[in-house]
Amino acid sequence: MKYILFLFLLLQVSCAKHSIKDYKSETPKLDLQKFFSGDLYALGIVQDRSGKVIQRFKVDMNGSWKKNVGTLDEQFDYSDGTKSERIWTLTKKENQEFEGEAADVEGTAYGKVSGNAFFFEYVLNLPVDGTVYEVKFDDWMYLLDNNTLMARTYMTKWGFAVGEVTIVMMKR
């Protein structure tokens with residue numbers, strides 16, 4: 001019985017998620033409105049659940065803000081020749097919290113900034129081979145310096161990992 005309890009506790013600890021609060025003292029401090037203003041350029045990869053890179057992409061972005069409401073226009077260019085666009089409307093709330101909407105996002109995205117990090121979660125309508133799937137995205141973004149933001153995105157469907165995205169965004 002003692003070993004079963006130990007295994008259960010080990011499983012609970014290994015499944016614990018980190019929190020956005022873990023980054024509150026990290027620097028440089030991320031000012032989301034400042035970083036996502038003007039022209040940005042990004043490079044990224046998409047990996048399947050085994051870790052295999054299944055897509056490479058670049059993104060031209062432009063962000064602008066009017067008080068607490070921002071628009072982030074993202075133009076994607078994929079290695080297979082396809083292109084796509086996502087236009088985010090971001091709204092800054094209290095306590096460094098943000099809400100976001102985009103045409104291919106189901107409902108409202110929610111996020112929070114703490115220190116050098118931003119956690120953003122949403123459900124994306126993701127087209128794959130002619131079918132559209134609702135996939136949960138957990139974006140973890142980290143400001144590396146004043147001009148560079150790195151993001152890791154964990155994609156899940158019904159609670160199961162289906163892939164990851166890694167992207168580096170740079171101010172122009």
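Leaving aside neighbours within four places in sequence, Lys24 is in contact (heavy atoms within 4.5 Å) with Lys29, Ser114 and Gly115. The model is predicted, so local features need pLDDT of at least 70 and side-chain atom pairs count only at pLDDT 80 or more, whereas totals for chains, interfaces and linings use all residues. Residues are numbered from 1 along each chain as its sequence is written, and side-chain values use heavy atoms, with hydrogens and water left out.

**Surroundings of Lys24**
- Lys24 is found in the loop between α1 (2-14) and α2 (32-35), where helices (H or I, at least four residues) and strands (E, at least two) are DSSP runs numbered from the N terminus.
- The C-alpha atoms of Lys24 and Ser114 are 4.7 Å apart in space, although the two residues are 90 residues apart in sequence.

**Aromatic pairs**
- The structure holds 15 aromatic pairs, counted for rings of Phe, Tyr and Trp (its six-membered ring) with centres within 6.5 Å; planes under 30 degrees apart count as stacked, over 60 as edge-to-face and the rest as tilted.
- Trp88 and Tyr122 form an edge-to-face pair, at 5.2 Å centre to centre and 75° between the planes, and this pair links strand β4 (residues 83-92), which holds Trp88, with strand β7 (residues 117-128), which holds Tyr122, 34 residues apart.
- Because their ring centres are 5.4 Å apart and their planes at 20°, Tyr122 and Phe137 are stacked.
- Ring pairs link Trp65, Trp88, Phe98, Phe118, Phe120, Tyr122 and Phe137 into a cluster.
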